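This briefing is meant to be read alongside the sequence and the coordinates. It begins with one side-chain pair and its surroundings, and then turns to other residues and to the chain as a whole.

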Amino acid sequence: MKLVYNGKTKDVFELENGNFLLKFKDDCTGKDGVFDPGENAIGLTIEGVGDINLRMTEYYFNKINEAGIRTHFVKANIEETSMEVKPAKVFGHGLEVICRNRAVGSFIRRYGEYISSGTLLPSYVETTFKNDELGDPLVTKDGLVVLGVMTGKQYDELKEMTQRITKIVANDLKEKGLILYDIKFEFGYDKDGNVMLIDEISSGNMRVYKEDKYIDPMTLNEMFFA
């Protein structure tokens, strides 16, 4: 295996068969020793968190693949805390896609004069560039097209896939007595330009509540795998 990228929470290796291997770490984003998925820097190491993130990722990617939605997921090796994935290019220098079922977090900070916290939203999709220095700026569909990051058709496909995947995760959590407020994804595309879900789906990428109480990612892990 050839190391091609040393990431914050995962290392990426190139495999002989043309696929890639993601090796999950126990490093977490945070500040002052406190886990915070919203932070951009590594703040602490939590033993076993890489294993848990991989298990949840495998669980949801299998459900998404079964639904006929394109992803880069091939298979996971729980013992080695790794996941084999298909090759994919990221949009631009990296794009995050957020789907919001409830108004909370940065959505309220931006638009709080128009809407109350916790208000239901119709699976509202927004895209941000992955850029720590600029604070992950929002970008519209028109902006993505004008900047040559993706085509309008790719955006429409990405949006539809985001809403379908969010519904799968939300319905699954609902069966566990939990409410999905919002969730963050990453997408890329294959050699033919087909959009696909990439990266991971773990507790640190979603905001989940039980009734009206926020469930932090580590507690969610414990509840999910209880």
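In this predicted model, a polar contact of 3.0 Å links the side chain of Glu186 to the side chain of Lys130. Glu186 belongs to strand S13, which covers residues 179-189, and the residue is buried, because its relative accessible area of 14% falls under the 20% limit used for that class.

**Surroundings of Glu186 and Asp199**

- Leaving aside residues up to four places away in sequence, Glu186 touches Leu95, Glu96, Lys130, Met196, Leu197, Ile198 and Asp199, so that Lys130, its polar partner, is also listed among the residues it touches.
- Asp199, one of the residues touched by Glu186, sits in the loop that runs between strand S14 (195-198) and strand S15 (206-210).
- Although Asp199 is placed in a loop, it is buried, with a relative accessible area of 18%.

**Backbone angles with positive phi**

- Most residues other than glycine have a negative phi.
- Asp199 has a positive phi, near 65°, while being a residue other than glycine.
- Asp136, which is not a glycine either, has a positive phi of about 50°, and its place is in the loop between strand S11 (120-129) and strand S12 (138-139).

**Asn101 in strand S10**

- Asn101 is part of strand S10, residues 95-102, and it counts as buried, since its relative accessibility is 14% and the class takes in values under 20%.
- The side chains of Asn101 and Ser123 are joined by a polar contact of 3.2 Å.
- When residues up to four places away in sequence are not counted, Asn101 touches Thr119, Leu120, Leu121, Ser123, Thr166, Ala170, Leu180 and Tyr181.
- Between Asn101 and Gly188, which are 87 residues apart along the chain, the separation of the C-alpha atoms is 23 Å.

**Asn171 in helix H4**

- Asn171 is located in helix H4, which covers residues 152-175.
- With a relative accessibility of 40%, Asn171 counts as partly exposed, because that value lies between the 20% limit for buried residues and the 50% limit for exposed ones.

**The chain as a whole**

- The chain contains five helices and 16 strands.
- Its radius of gyration is 17 Å, close to the 17 Å that the globule rule gives for 226 residues, and the chain is therefore as compact as a globular protein of that length.
- Taken along the principal axes, the box filled by the C-alpha atoms is roughly 55 × 45 × 35 Å.
- Of the 226 residues, 43% count as buried, and the accessible surface of the chain comes to about 12100 Å², with carbon and sulfur atoms accounting for 48% of that area.
- Considering contacts between residues at least 6 apart in sequence, 54% join residues that are at least 24 apart.
- The charged side chains comprise 29 positive and 37 negative ones, and the centres of these two sets lie 5 Å apart.

Terms used. Residues numbered from 1 in each chain as written. Predicted model: local features only at pLDDT ≥ 70, side-chain atom pairs only at ≥ 80, totals over all residues. Heavy atoms only, no water. Helix = DSSP H or I, 4+ residues; strand = E, 2+ residues; numbered from the N terminus. Rg over C-alpha atoms; globule rule 2.2 N^0.38 Å. Buried < 20%, exposed > 50% of the residue type's maximum accessible area, 1.4 Å probe, protein only. Contact = heavy atoms within 4.5 Å. Areas by Shrake-Rupley, 256 points an atom, 1.4 Å probe, with all protein chains shown as cover. Lys, Arg positive; Asp, Glu negative; His and termini not counted. Charge placed at Lys NZ, Arg CZ, Asp CG, Glu CD. Polar contact = N/O pair within 3.5 Å; in protein donor to acceptor, adjacent residues only side chain to side chain.
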